[in-house]
Amino acid sequence: MLKTFGIIRQTVIVTICSFTLTAGEFVQAQSDSNPILKIGIVQRFGERPQDRLTIKAPSGGNLTLTFPSADGKTTQTLTSDRLVIEIASQQLPQPILEEKLVLSNHRSFENAAASAFHWNEKGIQTEIAQPRRWQVWAKRDVYDSMLLRYLLFYTLRSQGNLTVQLDRRILPQKAIASFVVGDFRYNRDRLDISSSSGIVEVSYQKENKPEISNRPYAGTLKIQPNAHQSFTLVNNVPLETYVRGVVPHEIGYNAPYAAVQAQAILARTYVLASMHRFKVDDYELCADTQCQVYRGLENTTEVADRAVNDTKGLILTYNNRAIDALYSSTTGGITANYNDIWDGTPRPYLQSVLDLANRPENQRSANIVEDKNLKAFLDRQEGFNEAGWRTLRWRKSGSLDELQISLKKFLRFSGDSITNFNTIKQLQVSKRSPSGRVLEMEVTTDTGKIMVKKDEIIDAFDPPDSTLFRLEPIYKEKVLTGYTFIGGGLGHGVGMSQTGSYNLARMGWSYDRILNFYYTNAQLQKLRPEHYQ
C-alpha cells in the first residue's frame with residue numbers, strides 16, 4: 001500500500017522448510033474464515049517480447065502443469081521440476097481492432113471507483129481497469145459495437161467531457177505464453193501450476209528493475225490472459241498465508257510487537273474489502289503499493305508469523321462489514337478524512353485524528369484550515385507519535401520549469417489533449433480541509449487556469465510527498481522562479497500511521513487500543529462470510 005520500511009534481509013530457507021502446504025491442506029484452507037485469494041503477482045507479463053518467467057519446485061519436488069489441449073476440448077497434465085515461460089507471437093488470420101472507450105483516468109482506485117459510480121448514475125455501465133494509471137471504461141460487453149462506442153464518445157465530448165478518449169489498436173498478432181516440457185514446446189493462453197511441496201519458486205526480470213529471483217509462494221499459480229493483451233501470473237493462496245507475505249514488508253522488521261499485530265489485522269481486513277479491484281482481469285488484488293506489498297514467503301519472520309497467528313481471523317468492521325482498512329507510512333501529525341483525499345461515499349470510520357498519544361479526550365482532531373494555524377502546526381515537530389521520523393516534516397522546492405514539465409506530463413497521462421500552456425504564472429491553494437490537506441490547487445498559466453484536486457496533486461507536481469503542505473513562492477530579483485512546498489507526512493495519511501503505531505506500541509499500548517486510536521467506532525470481530533461477501 002505504501003513505501004516499504006528499510007528491511008534487514010535474512011535467510012528464507014528456515015521459514016520455507018517449516019511451511020509446507022499439501023494439495024489436501026490447500027483444499028481444506030478454502031473455508032469461510034480462510035478463503036482462497038487470487039493475487040496478481042506479475043500483472044502484465046508479455047508486454048515486452050523479452051519477458052521471461054522461471055518457475056521451479058523446491059529441491060527434490062515436482063511441478064504439476066495443467067493446460068488446455070491444442071484443440072481446447074480437453075486438458076493435458078504434465079510434470080516437471082522447472083519451467084521457463086516466454087512470450088510467442090501468434091499471427092492472426094486477419095488483424096483485429098481492439099477498441100475501448102476510456103471515460104476517465106485516475107491516480108488511485110478510490111477515485112476511479114467514485115468516477116465509475118458517477119458514470120453509472122448517468123446510465124453508463126462501467127468497469128475499472130489498471131493498464132498503468134487506473135481507468136474507468138465503458139463496459140466492453142455492453143458497448144460492443146463500433147456504432148455504440150462512437151455514438152457515446154461524441155455525445156459525451158459534445159457535453160464537455162473532454163478527457164473521454166477512444167483507445168484503439170489494430171492487432172495483427174497476439175501474444176501467447178510459450179513453454180517447453182521435455183522435447184515439446186507448448187503455446188497456450190492458460191496454465192495452472194502446483195507443486196508437490198505446496199511451494200512454488202518464481203524468478204522474473206522486469207524492465208529497468210532488479211530481478212526477482214527464486215521468490216517462494218505458497219499455494220498454486222496460474223498464467224491467464226488479462227484485459228490488456230498480456231498475461232497475469234496469479235497466486236491462489238489462503239488468506240492467512242497471504243497475510244504472512246504482507247505484514248513484514250509493510251510494517252518493517254523492527255516494529256514493536258503490538259504494531260505488528262495491528263498491521264496483521266489491517267492487512268487481513270484490507271484485502272477482504274478490496275477483492276473487487278481487478279474484476280476486469282479475473283483476479284482480486286495486486287502485490288505492490290497500489291494494493292499491499294506482498295512477497296509470498298520471502299523474508300517472512302518469526303515475529304510477524306506469531307502476530308498473524310495471534311490475531312488469526314480478526315478483522316475491523318463497521319456496521320458488520322469489513323472496513324476499507326487504509327493506512328499510510330506517516331501522517332504528518334494529523335490523519336486525513338477519507339474525502340480529504342478521494343471522492344466518493346464517506347467512510348465514517350476514516351475520520352481525521354490528531355496523531356498525538358497524549359491528546360485530550362475532547363480533542364480527537366483539530367482544525368488547521370487557516371493559514372496561520374497550518375503554519376504553526378507545520379512548524380511544530382515535538383509531541384507527535386511520529387516525532388523523530390524524517391518524513392514527519394519536509395521542505396521541497398521546484399522551479400517553474402520543473403513544475404511545468406510535471407504538470408504537462410500529468411495532463412497527458414490524464415487523457416487531457418485539449419489543455420495547452422507554455423508557462424505557469426502562479427500556484428495557489430484554493431481549497432483546504434480542516435485536516436490541512438489541500439483539496440484544490442489553482443494553477444494560473446499563460447492560457448488560462450487549471451484546477452488540480454485531492455490526491456491528483458501528488459501526480460501533477462513532483463515536490464510534495466503528501467497533500468499536507470503550504471506554498472512559499474521563490475523569487476530571484478523580484479521575478480517568480482518557483483515554489484517551495486513545506487509539509488508533512490508520506491502517503492495519503494488516511495487511517496493508521498505505521499510510524500505512529502511504533503511509538504504507541506513502545507508506550508505499551510495493545511493492538512486493539514492502537515486501532516481504536518486511528519479508526520473511529522470500528523469494531524474488532526472474528527471473520528465471518530457476511531463481513532465481506
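Which residue stands opposite Ser195 of strand 10? That residue is Leu63. The model is predicted, so to speak of a local feature requires pLDDT of at least 70 and side-chain atom pairs count only at pLDDT 80 or more, while totals for chains, interfaces and linings use all residues. Residues are numbered from 1 along each chain as its sequence is written, and side-chain values use heavy atoms, with hydrogens and water left out.

Strands and helices are numbered from the N terminus and are DSSP runs, helices being H or I with at least four residues and strands being E with at least two. Two strands are said to pair if DSSP finds at least two bridges between them. Strand 3 (residues 63–68) and strand 10 meet this with 4 bridges, in the antiparallel sense. Strand 10 is also joined by 3 bridges to strand 13 (residues 220–225), again antiparallel.

Strand 10 covers residues 191–195, with Leu191, Ile193 and Ser195 on a covered face and Asp192 and Ser194 on an uncovered one. In a regular strand the side chains alternate between the two faces of the sheet.

Strand 24 (residues 479–487) pairs with strand 23 over 8 bridges in the antiparallel sense. Pro473 stands opposite Tyr483 of strand 24, and Lys476 stands opposite Val479. Strands 23 and 24 form a hairpin with 2 residues between them, and Glu477 in the turn has a positive phi of about 55°. Strand 24 is also joined to strand 19, by 6 antiparallel bridges; here Ser399 stands opposite Gly482.

Strand 24 is mostly covered, as 7 of its 9 residues are buried. Buried means under 20% relative accessible area, exposed means over 50%, and partly exposed lies in between (1.4 Å probe, protein chains only).

Arg395 and Glu472 meet through their side chains in a salt bridge (3.4 Å, N to O). This pair links distant parts of the chain, with Arg395 in strand 19 and Glu472 in strand 23, 77 residues apart. Arg395 counts as exposed because its relative accessibility is 56%, whereas Glu472 is partly exposed at 27%.

A salt bridge is a side-chain nitrogen of Lys or Arg within 4 Å of a carboxyl oxygen of Asp or Glu. The structure holds 32 of them. One joins the side chains of Arg169 and Glu98 (2.8 Å, N to O). Arg169 lies in strand 8 (residues 165–181) and Glu98 in strand 5 (residues 82–106), so this pair ties together parts that are 71 residues apart in sequence. Arg169 is partly exposed at 35% relative accessibility, while Glu98, at 13%, counts as buried.

Another salt bridge joins Asp305 and Arg244 (2.8 Å, N to O). Asp305 is in helix 8 (residues 302–310) and Arg244 in helix 5 (residues 239–244), 61 residues apart. Arg244 is buried because its relative accessible area is 9%. Elsewhere, Arg44, Glu47, Arg48, Asp51 and Arg132 are linked in a network of salt bridges.
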